[in-house]
Amino acid sequence: ETGELHEAMSCEPLNPVPPHPYESWSNELLAQEAYADAKAAEVLGLRFIRSEDPDHEQVGLSLVYRAAALSGDPGVFGKAIGARYAYVSVNGEPQIDNLKQLLMFSHLGRVLGDQTIATPTIERELRGHDVSEEALSRIREGSRVLLEQMADLQAEMTGSTSIREALENA
C-alpha cells in the first residue's frame, strides 16, 4: 500500500522428506512391481491420477485401491485427494465427479479406520447439487463391493485379513 519494498521470506521445512526412490522409476518398471508392492502401486497410481486422460485416471484409481489393499493403510486415499480430488468447486461450479470420488474414499476410509473425511458433509453437498439418493446408494454399494475385492486381494497377496475383519465389524 505504501510503496515500500519488503524483503521476501521463504519457508523451508525443517526436516524435508526426501522423495521415495520409486519416484525416479519409469512407469514400466513401477508397473512390474505394482502387482505385489504397495508403494509401487501407490506411486504409479498417483502419477496416473494426475493425468488428464480419463482412462489413465481410472487405472490410477485401481492402483490406489490396490496399494491400500496390499498395505492395509487408507493413507493413500489422502494422497490421491491431494493429487486430484481436493477441488470441490472451480469458479463457483461444483465438481460433482470429485465430490463423488471423495464420498467413495470416505466410505472406504471409514471401514479401514480413517475418519478424516466427513461423509455427511459430502453427501449434503451432493444432495445440494441435485445428486439423487439413488446415485448416493450406488456409491455406497460400489464402495462395499470394492472393499470386498480389496479384502480378497489382501488375503491372497499378503495373507492378512485386516480388511475382511474391518468389513465384518462395519
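This is a predicted model: local features need pLDDT of at least 70, side-chain atom pairs count only at pLDDT 80 or more; totals for chains, interfaces and linings use all residues.
## Salt bridges

Nine salt bridges turn up in a search of the whole structure. Side chains of opposite charge can pair when their charged atoms come close.

| Pair | Closest N and O atoms |
|---|---|
| Arg 127 and Glu 123 | 3.6 Å |
| Arg 138 and Glu 134 | 2.9 Å |
| Asp 152 and Arg 164 | 2.5 Å |

Take Arg 127 and Glu 123. Both sit in helix H6, which spans residues 119-128. They are four residues apart, so about one helical turn separates them. Their surroundings can be read from accessibility. Arg 127 is partly exposed, at 36% relative accessible area. Glu 123 is buried, at 11%.

Arg 138 and Glu 134 belong to helix H7, residues 133-158. Here too the spacing is four residues, about one turn of the helix. Both of these residues, Arg 138 and Glu 134, are exposed.

The pair Asp 152 and Arg 164 forms a salt bridge with its closest N and O atoms 2.5 Å apart. Asp 152 is in helix H7 and Arg 164 is in helix H8 (residues 162-169), so this pair ties together parts that are twelve residues apart in sequence. Asp 152 is partly exposed, with a relative accessibility of 44%. Arg 164 is also partly exposed, with a relative accessible area of 22%. Elsewhere, salt bridges with shared partners join Glu 123, Arg 127, Glu 133 and Arg 140 into one network.

Arg 164 has a further contact to note. Glu 148, a residue of helix H7, touches both Arg 164 and Leu 167, leaving out residues up to four places away in sequence. Glu 148 is partly exposed, at 31% relative accessibility.

## The nonpolar core

In soluble globular proteins, nonpolar side chains tend to be buried together. The largest nonpolar core of this model has 45 residues. Which of them touch the most other members? They are Tyr 65, Phe 77, Phe 105, Leu 108, Leu 147 and Met 150. The elements that give two or more residues to this core are H1 (27-34), H2 (38-49), H3 (54-71), H4 (75-85), H5 (96-111), H6, H7 and H8. Helix H7 provides the largest share, eight residues.

Leu 108 shows how such a member is placed. Not counting residues up to four places away in sequence, Leu 108 touches Tyr 65, Phe 77, Ser 143, Leu 146, Leu 147 and Met 150.

Glu 42, in helix H2, is buried at 11% relative accessible area. Its contacts, leaving aside neighbours within four places in sequence, are Ala 67, Val 76 and Lys 79. Glu 42 and Gln 154 are 112 residues apart in sequence, and their C-alpha atoms are 15 Å apart in space.

## The largest pocket

How much space lies in the largest pocket? The volume is about 300 Å³. Its lining has 13 residues. Glu 57, Gln 58, Leu 61, Tyr 65 and Gln 101 lie nearest the centre of the pocket. Helices H3, H4 and H5 are the elements that give two or more residues to the lining. By class, the lining has five nonpolar, four polar and four charged residues.

Most residues other than glycine have a negative phi. Asn 91 has a positive phi of about 50°, although it is not a glycine. Asn 91 lies in the loop between strand E1 (89-90) and strand E2 (93-94). This residue, Asn 91, is exposed, at 80% relative accessibility.

Asp 130 is another non-glycine residue with a positive phi, about 60°. Where is Asp 130 placed? It is in the loop between H6 and H7. Is Asp 130 buried or exposed? Asp 130 counts as exposed because its relative accessibility is 74%, and the cut-off for exposed is over 50%.

Key. Residues are numbered from 1 along each chain as its sequence is written. Side-chain values use heavy atoms; hydrogens and water are left out. A salt bridge is a side-chain nitrogen of Lys or Arg within 4 Å of a carboxyl oxygen of Asp or Glu. Buried means under 20% relative accessible area, exposed over 50%, partly exposed in between (1.4 Å probe, protein chains only). Contact means heavy atoms within 4.5 Å. A nonpolar core is a set of buried Ala, Val, Leu, Ile, Met, Phe, Trp, Tyr and Cys residues joined through side-chain atoms within 4.5 Å. On a 1 Å grid over the protein atoms alone, a cavity is a set of points where a 1.4 Å probe fits but cannot get out, and a pocket is an open set with protein on both sides within 12 Å along at least five of seven lines; lining residues have an atom within 4 Å of a point. Grid points are joined across faces, edges and corners, and a volume is the space filled by probe spheres set on the points. Ala, Val, Leu, Ile, Met, Phe, Trp, Tyr, Cys and Pro count as nonpolar, Asp, Glu, Lys and Arg as charged, and the others, Gly among them, as polar.
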